[in-house]
Amino acid sequence: MERNWMYYAGLVIVAAIWGTNFAVSKQAMETFDPILFTFLRFGLTIPFFFMLLKLKEGSVGVSLKDALKLALIGLVGVTGLEIATMYSIKWTTIANASLLNVAPWPVFTAIFGTFLMGERITSRLVVGGLVAMIGVGFVILGGDQGFDLSSSHMLGNLLALGISIVGALFNLACLPLIKRYSALRVSAWYIMFGSLFMAPLTFRSWGQVDWGALSAGSYIAVIYNVFFCTIFAFVVWNASMHKVGAAHSSFFRYVTPAAAMIAGYFFFGETVSIWQGIGSIFMAAGLIWITLDHKKDAPVDTAAGREA
């Protein structure tokens, strides 16, 4: 019986990289404006993506119709979601933003995937997803900040929840294009478009950085974001999502807050509570249960993708 363990391992590694990046980026924000740092993260990857694409596949092009789709995906998934994530953190607590951003995302992906892509929701996926969701709740709520529903945080809470909904649709929108081309080609194009749309928002930020006085840590943060969090992560995540399905892969985002918790402990000396430890065990158990699901998601309907 076929096991997709390599793809599941790829999802875990990528989610852990993204979780660790909370600590790396938090340090970088002391030097860079958030939008400028996000633009550097994605903009600097463009030549590397297209160089890899040319070397690996021999060409870099897509059809005009698909280029327009990728432009919209880049606008929503890179420019919109990345900036929205920063403001959701600004307008609410980190605990609120993490819980409302991370926890509902896989649920929305599974629901939308069933109706839009014909993916199957198996009983193992439901049970494993619920156990993992309980675990991630413990990880986030077990921290110092807890969960705050006060009116002062309502705008940020709603924005974080909206990110989950739009992010799920973003993942699903990529699948038909990945089926037609490749994860590398799709990633290269939508990141290029997303970076282009983001560029005008950075014009006032360049002069605020003392480029001659950048520390080694600032350069390391940029390099980590460019090569690990973006080039490696986006290609591996999209390729793995294509193999195991959007519904299954989306639950592995729950590794991100656990990795962020561990990174916070080592980078900033943040405490780890017993509830967070218990939550990590629940989350790991749920994800392992999902990986043992031998029923594949339905194949991506490329004809339906062409109509999107």
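Reader: Which way does H3 cross H10, right-handed or left-handed?
Author: In this predicted model, H3 passes H10 in a right-handed crossing, a term that applies when the near helix is turned clockwise from the far one by less than a right angle, anticlockwise being left-handed. Helices here are DSSP runs of H or I with at least four residues, strands are runs of E with at least two, and both are numbered from the N terminus.

Reader: And at what angle do H3 and H10 pack?
Author: Helix H3 (residues 46-57) and helix H10 (residues 216-244) pack at about 35°, and their axes lie 11 Å apart; the axes are lines fitted to C-alpha atoms over the stretch in contact, with angles from 0 to 180 degrees between N-to-C directions.

Reader: Which residues of H3 and H10 meet there?
Author: From H3 come Phe48, Phe49 and Leu52, which meet Phe227, Thr230, Ile231 and Val235 of H10, where contact means heavy atoms within 4.5 Å. The residues of this contact divide into 6 nonpolar, 1 polar and no charged.

Reader: Before I go on, what are the ground rules on numbering and confidence?
Author: Residues are numbered from 1 along each chain as its sequence is written, and side-chain values use heavy atoms, with hydrogens and water left out. Because this is a predicted model, local features need pLDDT of at least 70 and side-chain atom pairs count only at pLDDT 80 or more, while totals for chains, interfaces and linings use all residues.

Reader: OK, what is the mean pLDDT of the chain, then?
Author: The mean is 79, and 80% of the residues reach 70 or more, pLDDT being the predictor's confidence in each residue, from 0 to 100.

Reader: Changing topic, is serine 218 buried or exposed?
Author: Serine 218, whose place is in helix H10, is buried because its relative accessible area is 6%, and buried means under 20%, exposed over 50% and partly exposed in between, with a 1.4 Å probe and protein chains only. Leaving aside neighbours within four places in sequence, serine 218 is in contact with Thr31 and Phe32.

Conventions. Ala, Val, Leu, Ile, Met, Phe, Trp, Tyr, Cys and Pro count as nonpolar, Asp, Glu, Lys and Arg as charged, and the others, Gly among them, as polar.
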